[in-house]
Amino acid sequence: MAAYSIPATGDPGLQPERTALAWSRTALALAVNALLSMRAGFVAGQPLLVAVGVVLFAASGAAVAIGTVRRRQLAGHRLVITPPRGALVGVAAATLLASVGGIASIFAGGAA
């Protein structure tokens with residue numbers, strides 16, 4: 001799928017701001033899940049949960065970077081409507097990993 005862009009016609013409204021805030025919330029949620037997974041991994045002695053936390057921190061940083069790029073794309077002279085496909089797949093995979101890490105940290109905390 002190619003990026004779809006249109007010329008900016010003045011005031012884009014609040015859509016660029018909402019997009020930037022959505023990426024910021026996603027990055028924050030991934031970072032919080034990373035902290036919780038790492039804490040549960042250290043407390044329960046589960047190195048796999050610590051590794052999940054490290055991967056989620058990397059995904060959080062990537063979400064911040066993508067959010068910055070999207071903010072610039074939507075604030076320029078041409079509005080790039082379609083986000084990169086890899087970004088959407090990556091965030092979906094990171095969200096799934098965060099969910100699995102959260103569930104695993106619950107089970108690891110119950111076993112201790």
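Let's start in the middle: the largest nonpolar core here has 12 residues, namely Trp23, Ala27, Leu30, Ala34, Val52, Leu56, Ala59, Ala63, Ala87, Val91, Ala94 and Ala98. Helix H1 (15-44), helix H2 (47-75) and helix H3 (85-111) are the elements that give two or more residues to this core. By nonpolar core I mean a set of buried Ala, Val, Leu, Ile, Met, Phe, Trp, Tyr and Cys residues joined through side-chain atoms within 4.5 Å. Buried is under 20% relative accessible area, exposed is over 50%, and partly exposed is in between, with a 1.4 Å probe and protein chains only. Helices (H or I, at least four residues) and strands (E, at least two) are DSSP runs, numbered from the N terminus.

Now the caveats. This is a predicted model, so local features need pLDDT of at least 70 and side-chain atom pairs count only at pLDDT 80 or more, while totals for chains, interfaces and linings use all residues. Residues are numbered from 1 along each chain as its sequence is written, and side-chain values use heavy atoms, with hydrogens and water left out.

Okay, the overall picture. The protein has 3 helices and 2 strands, and from the N terminus on they run β-α-α-β-α. Of its 112 residues, 29% count as buried. The protein exposes about 6,900 Å², and carbon and sulfur atoms supply 71% of that; accessible areas come from the Shrake-Rupley method with a 1.4 Å probe, and for residues only the protein chains shown count as cover. As for contacts (heavy atoms within 4.5 Å), take the ones between residues at least 6 apart in sequence: 70% of those join residues at least 24 apart.

Let's zoom in on alanine 27. Alanine 27 lies in helix H1, and it counts as buried because its relative accessibility is 5%. Not counting residues up to four places away in sequence, alanine 27 touches Ser60, Ala63 and Val64. Alanine 27 and alanine 59 are 32 residues apart in sequence, yet 7.7 Å apart in space, C-alpha to C-alpha.

Serine 60 is in helix H2, and it counts as buried because its relative accessibility is 9%. Beyond residues up to four places away in sequence, serine 60 touches Ala27, Leu30 and Ala31.

There's another serine I'd like you to click on. Serine 37 lies in helix H1 and counts as buried, at 1% relative accessibility. Leaving aside neighbours within four places in sequence, serine 37 is in contact with Leu49, Val50, Val52, Gly53, Leu56, Gly101 and Gly102.

Leu28, Val32 and Leu36 make a nonpolar surface patch of about 280 Å², and leucine 36 is found in helix H1. For patches, residues need over 30% relative accessible area and no salt bridge; like charges are joined within 9 Å, and nonpolar side chains (Val, Leu, Ile, Met, Phe, Trp, Tyr) within 5 Å. A salt bridge is a side-chain nitrogen of Lys or Arg within 4 Å of a carboxyl oxygen of Asp or Glu. Over in helix H2 we have valine 69, which is partly exposed because its relative accessible area is 41%. The C-alpha atoms of valine 69 and alanine 20 are separated by 9.2 Å, and those residues are 49 apart along the chain.
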